[in-house]
Amino acid sequence: MQKMKIGGIDIAFERHGEGPPVLFIHGFPLSGRMWEQIVAPLSPRYELIIPDLRGMGASEATPTATMKTYVDDLCELLDKLGISQRVVIVGLSMGGYLAFEFYRERPERIRAMVLADTRADPDTPEKAKERRATAEKVLREGSGVVADAMIDKLFGRKTPEATRKAWQALMSTTKPEGVAAALVAMADRKDSRPMLSTLNLPTLVVVGEEDEITPPAVAREMHQAIAGSRLKIIPDAGHMAPVEQPQRFAQVLREFLDRLPP
Ligand code: MLT
């Protein structure tokens with residue numbers, strides 16, 4: 001784990017392997033650790049850049065953030081690492097929302113996209129209101145509020161209790177300021193559905209078969225709206241497909257990456 005000053009704060013990241021660069025963007029309120037089992041199968045052929053988003057994992061928090069703030073952090077990180085060639089973006093859930101925002105802001109920097117366990121539609125007004133209320137509650141009572149609410153929806157049926165407990169603990173210890181900022185940023189995020197038919201880059205949509213948060217039906221709709229995209233459904237996985245089925249997830253990813261045009 002390394003740290004670098006990005007946007008004036010310490011952002012933590014890992015960098016592994018050699019080859020064409022792939023940027024992994026984790027979900028909420030998680031950390032780059034969610035990709036740790038993907039490193040060994042992919043790093044022999046690809047350079048993996050795995051940040052902790054601001055306010056999550058080992059990165060410093062700020063009281064507020066927007067989707068653009070996170071993307072600006074990611075671009076600055078790539079710049080400071082000297083990565084000027086186009087990157088493949090792999091974004092899971094909130095990471096997928098950020099992949100869309102990245103495309104909105106800096107499409108010329110993206111070679112291909114992997115949209116994992118995510119959705120293109122924005123929050124409904126009710127959901128956005130609920131997120132803002134949760135943000136207030138997290139600032140008062142701590143991140144356990146979100147960890148307890150999310151834990152039962154994150155994993156598929158066969159995922160061991162120890163894995164659930166480990167991720168519940170990780171979410172509970174995420175900085176409340178970072179969790180609250182991300183909740184508000186997600187509540188304010190744009191509708192990415194109009195973008196889907198304009199995505200003119202190789203795209204893989206991947207989802208855990210038992211994902212309750214962004215179910216396969218949502219992934220299928222995105223796949224149908226993105227011309228030329230591929231869809232892969234990972235069996236025996238919920239919302240955390242790379243944690244629950246790392247070998248299958250890595251294989252699907254490697255097949256996609258290996259076939260990308262230069
Ligand atoms: C995530 O995993 O990033 C979250 O479930 C996204 C969300 O709350 O919309």
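Two strands are said to pair when DSSP finds at least two bridges between them. In this predicted model, strand E6 (residues 110-116) and strand E7 (residues 203-208) run parallel and are joined by four bridges. Within this pairing, Leu115 stands opposite Val205 in E7.

These two strands belong to an open sheet of eight strands, arranged in the order E1-E2-E4-E3-E5-E6-E7-E8 with mixed pairing. Strand E1 (2-6) and strand E8 (230-234) stand at the edges; each has a single partner strand, so one side of each lacks a neighbour in the sheet. On average, neighbouring strands are turned by 25° against each other, direction ignored. In general, strands of a sheet pair through backbone hydrogen bonds, in either a parallel or an antiparallel way.

Helices come next. Helix H7 (residues 176-187) reaches 16 Å from its first C-alpha to its last, close to the 16 Å expected at 1.5 Å a residue. H7 is mostly covered, with nine of its twelve residues buried; among them are Gly178, Val179, Leu183 and Met186. The cover over these buried residues includes helix H2 (67-80), helix H3 (94-105), helix H4 (125-141) and helix H5 (144-154).

The largest nonpolar core holds 92 residues, and Phe24, Phe28, Met94 and Leu253 have the most contacts inside it. Leaving aside residues up to four places away in sequence, Phe24 touches Trp35, Ile38, Leu42, Leu48, Ile49, Ile50, Pro51, Val90 and Leu253.

Definitions and conventions:
Residues numbered from 1 in each chain as written. Predicted model: local features only at pLDDT ≥ 70, side-chain atom pairs only at ≥ 80, totals over all residues. Heavy atoms only, no water. Core = buried A, V, L, I, M, F, W, Y, C linked by side-chain atoms within 4.5 Å. Buried < 20%, exposed > 50% of the residue type's maximum accessible area, 1.4 Å probe, protein only. Contact = heavy atoms within 4.5 Å. Axes fitted to C-alpha atoms, helices over the stretch in contact; angles between N-to-C directions. Expected span 1.5 Å × (residues − 1).
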